[in-house]
Amino acid sequence: MLTGKQRSYLKKLAMDIEPAVNIGKADLTETVIRAIDDYLEAHELVKVKIQEGSLLDPKETCNELAEMLNAEFVQAIGRKFVLFRPSSNIKNRKIVI
């Protein structure tokens, strides 16, 4: 569980990144989940955008993905949301919170 200061720090980092994964009309597919998981392992922080054609709710989707991928919900604004998960390999960790 993230503290308020940790969440604020991650929000600040997320402001500078573009969405790495887009969720379209097909909603949450296995491919999308795997892409987010791989991105989290490599970069630890991922911003995801839900396209206009999708009926998914960003907060619900983010919380569902956080639970599935053992990640932390950082924020959801509009149709975008941010997840954080430290790399499983300690040597590859880039974000220290």
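The legends below describe several close-up views of a predicted model. In this predicted model, local features need pLDDT of at least 70 and side-chain atom pairs count only at pLDDT 80 or more, while totals for chains, interfaces and linings use all residues. Residues are numbered from 1 along each chain as its sequence is written, and side-chain values use heavy atoms, with hydrogens and water left out.

**View 1. Glu44, a residue with positive phi between a helix and a strand.** Glu44 is not a glycine, yet its phi is positive, at about 70°. This residue sits in the loop that joins helix 2 (30-43) to strand 2 (45-50), where helices (H or I, at least four residues) and strands (E, at least two) are DSSP runs, numbered from the N terminus. With a relative accessible area of 0%, Glu44 is buried; buried means under 20% relative accessible area, exposed means over 50%, and partly exposed lies in between (1.4 Å probe, protein chains only).

View 2. Side chains of opposite charge can pair when their charged atoms come close. A salt bridge here is a side-chain nitrogen of Lys or Arg within 4 Å of a carboxyl oxygen of Asp or Glu, and by this rule the count comes to 4 salt bridges. Glu30 is exposed at 62% relative accessible area, whereas Arg34 is partly exposed at 46%.

**View 3. Arg85 and Glu41, joined by a salt bridge.** The closest N and O atoms of Arg85 and Glu41 are 3.8 Å apart. Because Arg85 lies in the segment after strand 4 (80-84) and Glu41 in helix 2, the pair ties together parts that are 44 residues apart in sequence. Arg85 counts as buried at 11% relative accessibility, and Glu41 as partly exposed at 28%. Asp37 is linked with Glu41 and Arg85 in a network of salt bridges.

**View 4. Arg79 and Glu52, meeting in a salt bridge.** The side chains of Arg79 and Glu52 meet at 3.9 Å, N to O. This pair links distant parts of the chain, 27 residues apart, with Arg79 in the loop between strand 3 and strand 4 and Glu52 in the loop between strand 2 and helix 3.
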